[in-house]
Amino acid sequence: MDHQQRPLMSDRVTVNGTVTPLALLADGRLWWSEGIARCLSVEKDILGFVASGPYIKIKSLVETRDRCCISGPPARLVRNDVVFMPSSEESHRLWCQKLREFIDSLGRPKRLFVFVNPFGGKKSATQIFAEQVQPLLEDAQIEITVQETQRQLHAQQLARSLDITKYDGIVCVSGDGILVEVVNGLLQREDWDTAIKMPLGVVPAGTGNGMAKSLLDSIGDPCEVANAVLAIIRGNKRPLDVATILQGKTRFFSILMLAWGLVADIDIESEKYRWMGSARLDFYGLCRLLNLRQYNGCVSFVPAPGYEAFGEPTSYPGKSTTSNGSNSAPSNAELDNLQRHGYLGPEINLENLNWRVINGPFISVWLHNVPWGAEDTMAAPDAKFSDGYLDLIIIKNCPTLPLVSMMSELNKGGHVKSPYVTYLKVKAFSLQPGPRTMDKEKEGIIDSDGEVLARGKGTYKCNQKTLMAYDKLQITVDQGLATLFTPI
């Protein structure tokens, strides 16, 4: 007999009043018969089990599809219980022992800290957690500590001081914003190098959900709550690149994207039409396309291997020394102090790298760390989670009609094939933003991971304080610094 087919445990049990053979095979399949052969994978399908009197209840999450619909949307995951009665008390004890041993051998998380953002998206995260997330975690017998965020940066503050020794992971039931806050909080700790290894999970409950979509789409799964929770329960992990955005002494750690120009303008300025719901992005996008802005400026970058032909040779553009009034670089003593109190970014000798430059004017400059910027926006189809590079998408000199056509391709990544798009991978990047070409008195917005990093003169809510100034900033990538729960 094949080793994988060897039963770890077998018995004649009663299922729904029918006596049937039941076997737990060495490869983790639970096999039985109710007229037809049935099978569940402990690793892929089974969340946990509970013993109640003479019965054992298997808690699982299985695919279901309309039998009349061969094509169409992917199968949904639904909770399903299988209850069986072993043949004897001793058999009951052995079944519980073997099932527990196999589940424990999978390395699944046992204790999770869960952030729930009640303010994001449709403000439905609290309900999503109570009705869809918590029942699955309880089925998997995972201990959870739940914290609703109360304000912006609340998750970041808590992540800075959280006792990470108590948990096997941190889960964000939200859009992408809370996940970004958690990463920034963990990297601001004295023990950042240990803290950032904490596995992070994300359950889509916000507006964009780009990280959840990127993770689930990587194996063809739909961006649904049950699929995301199952990935967390199963406990598989993958590394994630983290980008350090630096301006003077100010740092922001990005895991999704940076945008300047058209994309940032639509993302941020459309907030004035928030009453329109998700339609605000389409509406304001059309407004911007019909009244197109272009921006002066330049982007410098270190290309990944194979992309050296893009741009023109240049020297290292140098660090920005401006950040909300700060004009001096930190001294060695200050750097030592900063390092003790948080992560400073990857150690790279930027001056000795082969820099290239592309000058404006630009319609849009977009950097992406993962393929999807939102559930309906495949911004960077070639982006990888941990290749050590950012995908750079530049739009220049594009007439309105081709631009409209290009933007309609965003949902499947077809925009990068346009002759008006420059698409490449970079290891390091420097942005020198400038004013609008048609109105030198007005500047632009720099957006990272859905938050405004900088607002230039004459922009929407330009009087609001931002983390950085509308000036040169530098971005470097630390390959695989963070860790995510992943479906594979």
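Over the ring of which residue does the charged end of Lys396 sit?

## Charges over rings

The ring is that of Phe362, with the charged end of Lys396 5.5 Å from its centre. This is a predicted model. Lys213 lies over the face of Trp372, at 4.6 Å from the ring centre.

## Aromatic pairs

The whole structure holds nine aromatic pairs. One of them joins Trp260 and Tyr295. Their centres are 5.7 Å apart, with 50° between the planes, and the pair is tilted. Trp260 belongs to strand E14 (residues 257-261) and Tyr295 to strand E15 (residues 295-303), so the pair ties together parts 35 residues apart in sequence. Trp260 is buried at 1% relative accessibility. Tyr295 is buried too, with a relative accessible area of 1%.

Tyr316 and Trp355 also form a tilted pair, because their planes meet at 40°; the ring centres lie 5.4 Å apart. This pair links distant parts of the chain, 39 residues apart. Tyr316 sits in the loop between strand E16 (312-314) and helix H10 (332-340), and Trp355 in strand E17 (residues 355-359). Tyr316 is buried at 19% relative accessible area, because the cut-off for buried is under 20%. Trp355 counts as buried at 2%.

Phe113, Phe115 and Tyr167 form one aromatic cluster.

## His368

His368 lies in strand E18 (residues 364-368). His368 is buried, with a relative accessible area of 0%. A polar atom of its side chain is 3.0 Å from the backbone oxygen of Val370. Residues that His368 touches include Leu256, Met257, Leu390 and Asp391.

## Annotated span

An unreviewed UniProt entry annotates residues 107-249 as "domain: DAGKc". The span is 40% helix and 24% strand, and its end C-alpha atoms lie 40 Å apart.

Notes
Residues numbered from 1 in each chain as written. Predicted model: local features only at pLDDT ≥ 70, side-chain atom pairs only at ≥ 80, totals over all residues. Heavy atoms only, no water. Helix = DSSP H or I, 4+ residues; strand = E, 2+ residues; numbered from the N terminus. Buried < 20%, exposed > 50% of the residue type's maximum accessible area, 1.4 Å probe, protein only. Polar contact = N/O pair within 3.5 Å; in protein donor to acceptor, adjacent residues only side chain to side chain. Contact = heavy atoms within 4.5 Å. UniProt positions renumbered as here; feature names shortened; annotations may be inferred. Phe/Tyr/Trp six-rings, centres within 6.5 Å; stacked < 30°, edge-to-face > 60°. Lys NZ or Arg CZ within 6 Å of the ring centre and 35° of its normal. Lists of a residue's contacts leave out its neighbours within four places in sequence.
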